[in-house]
Amino acid sequence: MKLDFSCSLHYMLPRKRAVGGEVVVNEEEDGDNHDTETLLKKHRIDCSISISSVATTGNTNSDASINNSDKNNNNSNIEDIKRSSSDAKTPTMALGDRNSPDIDEDLHSRQLAVYGRETMRRLFASNILISGMQGLGVEIAKNLILAGVKSVTLHDEGVVELWDLSSNFIFSEDDVGKNRALASIQKLQELNNSVVISTLTTELTKEQLSDFQAVVFTDISLDKAIEFDDYCHNHQPPISFIKSEVRGLFGNIFCDFGPDFTVLDVDGEDPHTGIVASISNDNPALVACVDDERLEFQDGDLVVFSEVHGMTELNDGKPRKVKNARPYSFTLEEDTTNYAAYVKGGIVTQVKQPKVLNFKPLREALKDPGDFLLSDFSKFDRPPLLHLAFQALDKFISELGRFPVAGSEEDAQKLISCVININDSSADGKLEEIDHKLLRHFAFGARAVLNPMAAMFGGIVGQEVVKACSGKFHPLFQFFFFDSVESLPTEPLDPGDLKPLNSRYDAQISVFGSKLQKKLEDAKVFIVGSGALGCEFLKNVALMGVSCGGQGKITITDDDVIEKSNLSRQFLFRDWNIGQAKSTVAASAAALINPRLLIEALQNRASPESENVFDDIFWENLNVVINALDNVNARLYIDQRCLYFQKPLLESGTLGAKCNTQMVIPHLTENYGASRDPPEKQAPMCTVHSFPHNIDHCLTWARSEFEGLLEKTPAEVNAYLISPSEYASAMKNAGDAQARDNLERVIECLDKEKCETFQDCITWARLKFEDYFFNRVEQLTYTFPEDAVTSNGTPFWSAPKRFPHSLRFSVDDPSHLHFVMAASILRAETFGIQIPDWVKSPKKLADAVNKVIVPDFQPKKDVKIVTDEKATSLSTASIDDAAVINELIVKLEKCQQRLPPGFRMNPIQFEKDDDTNYHMDLIAGLANMRARNYGIPEVDKLKAKFIAGRIIPAIATSTAMATGLVCLELYKVLGGGHKLEDYRNTFANLALPLFSMAEPVPPKVIKHEDMSWTVWDRWILRDNPTLRELLQWLKNKGLNAYSISYGSCLLYNSMFPRHRERMDKKMVDLAREVAKAELPPNRRHFDVVVACEDDEDNDIDIPQVSIYFR
């Protein structure tokens, strides 16, 4: 489907919102892999703010009362907000609100998976100031508004210039001349209606900073920054101060969160655990754990013990220190010589400790910066020089009242002299050498704010604000410097090429020159995916001017539609877009950012099935491919396509606060598929079904049972009812244990467990509870009693196995009753039975449950329970399967005769993101009751959703950083001529924070005689060659082909004399006649695999050979 912008501009138009004495707030708004919403807080602000003008969707409100919670800064209660009543300092406020008592888990599920509820609540109580609304400021604001802080105040005294449009996605050419903060407020408010957004447009005073938990400055003089930071540092409680700048391809961040800042969670990881296998009576004691999973403990970690039998002294909850940590053991800094002997059991759990950081104020840190946070070890000497360069730039601006002019050697020399003077006056840490070439680049681009740099730094700074407000994750301590001078064109830039052209790209031109700008505009780009990464990429390329010229074009494809949970990260979407195609909405939104963008939005999944859409001509015309995918299989497919057509692939991904980027450049780097992560370890089937020892096992089992009961079995029933004879034949032909099991489940569903009334559904649910949590456990413990031993005499119930206990149902236990409610409602849905309102009344439901007759259970002898960890099925084959299947089919036919005409069931597909559908209620109920059987800690529905729903943790900050880094590489790809060492792959973890950049790995090279090739090479024969011409072409390379195949069909083998008759046939005719190849009109070539040897009969692994016949 092609995008018609004449009918799609409404996708970004704001909805009208009612305005009266009180602000009317939308119920949802915002996000991607991350979700946003109207997360309104309970607390009220005890001050009334006079609103001089309200920037909203065309409505104004002269007087609104806004509510504010107490300040929350790292466990401190902070004084209520105070604001000056003078007109000069009165903020302009958009119509956000913050009164929702709860977190909208549908909207924020991906973000909750990263932060947790407590951190989210702290965020919702935080008031943030962002000063400087150029590209960096607006990126920070976007990320914080998506995260859902309580309020964001935008400060800027300047007006929008055409120059700003290179980096600010909020501004349009119509905004030129308007105050930057005022021009930003409406579109930023659209991102999340639950955040109160206001503006300040006059000079800030330090006293105003007391209104905020964190203040961010992106465009401030050093003297003013020192003054403000001193105030924040000494304020009680301290106000977190962040100063950040991006100047061309250079950037820096400084953080000061006060003299004593407590980090509550340094890395955001769950506490590590281990299952104890033995503990020695020694000093120090040796603790061995089962080899189920490697231990992640490190020396110095504190751990606590629980459930230890025998050596119960360790169960006192006292933290103990780990020493000599090994993959499956560690020593304990404790004398256990006189303790009771260890018998069995035990869980050891890491105790995460808070950490106190003593930040230095900017005044001191400038002179004594301490250790710089490194991002690229090939530039280990760069941060000290950039520390001086940014100080020199501040001095240059304060003396001359302007930035250095791009291309001005005179200005560059002035700045270099300033750096030298500052260095010479340094008492300590004086630099031995000053890199004049680097400083020249710094001076030339100093005025420009580039979008990729703003996106990257906007992600990092946004995350630092979250840390400041919540104590979650380790702050940046304290300086970070970064540059990407490798992104510059490889050829020297003519100063005349850097001059402004009175265009929206002038800032970018001042760094890269107009020649590269033309290449960007004429680029043909394929963006695969339009979720969180895709939205950020579209915004970035639109601002960069990619595909905004006459020859350029972006093709974006995504087969998904917008869901509510997308809104907290996928910032181009709004709540009124829910249900619409992601690619179409994102493309229209990007076209509003830059109307010159040439873009086609498709809804095709990029896969072998869509190669008629993304055909050879499409791929051959591309300049670059940008992946914005969320699964490995799709990435591998695109990687193979890029390899085949020799196209650059820019790859990235995020996981919570982590992100990575990988550059796949033809002939320079290895491809994405060249290295793979090891597959995730899967729990054995017998562990999941009979011997769980953690909540993950319980939830895996619960989801499997959900799908079996409510989706697969009803679908099997329908498959039979639609075509009874064909279904019966298929089962007979299969004749195995699986077919027998399928038939038994279908018969059970239509006979013994068939439901006709809602009371039947309650009966079914109550009996399922009995079966799962009483009968099966009684049978298991009868077959394997607590004192059972294995064939070699060791206890059967040894770690990691946990001995279970059966549950007695009670209507007085709310969790039991809730399980029955969820199960009966969903069972009724599968049978199309109306669900009565009284089911949600605990008393009426209990009365109905008490009517159910539960038969007594007696364990049976000789019941087989799978204990083999290598078993892949719980079904046991039998020599009588075929006979049993015939009997079952006869039974099934009798069941069918009793059904009403046209009877069908309604299979239920698991949907994790709808909290009203009872899916997660049932799965959490199943898992928690099973956990209760085995003495495993239970989880709430949200945690259950993360695990059972396989939710990928995601936040806007890491997404923004990843896409910014990728777009810095895009300059290199489209500029051309860059070497391997110019490119960068990155792994970053914003929680630590850690930034690790390195040049990509080159591809493996194969050599033969004077030739060499890599995985990137494909040998191409054009002009529709014959078999003889192909063999001779290879012979000229010193290669003797002895076998040529197409797919699985042999076209030629030197051992077969009759194949010599094919010598003068065209290769395409052989493919069609011998291999029966179907070559559609859009295909111009086909590929053959050729086995070759050299003249010494050594096999040579040659590239794929492509035969072009059109």
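Q: How many bridges join strand β15 to strand β20?
A: This is a predicted model, in which local features need pLDDT of at least 70 and side-chain atom pairs count only at pLDDT 80 or more, while totals for chains, interfaces and linings use all residues. Residues are numbered from 1 along each chain as its sequence is written, and side-chain values use heavy atoms, without hydrogens and water. Strands (DSSP runs of E, at least two residues, numbered from the N terminus) pair if DSSP finds at least two bridges between them. Strand β15 (residues 273–279) and strand β20 (residues 347–351) run antiparallel, and the bridges joining them number 3.

Q: Which residue of β16 stands opposite Ile279?
A: Strand β16 (residues 285–289) pairs with β15 in the antiparallel sense over 3 bridges. A hairpin through 5 residues connects β15 to β16. Opposite Ile279 in this pairing stands Val287.

Q: Is Cys686 buried or exposed?
A: The unreviewed UniProt entry annotates Cys686 as "active site"; such annotations may be inferred rather than shown by experiment. Cys686 lies in helix α16 (residues 685–690), a helix being a DSSP run of H or I with at least four residues. Buried means under 20% relative accessible area, exposed over 50%, and partly exposed in between, with a 1.4 Å probe and protein chains only. Because its relative accessible area is 2%, Cys686 is buried.
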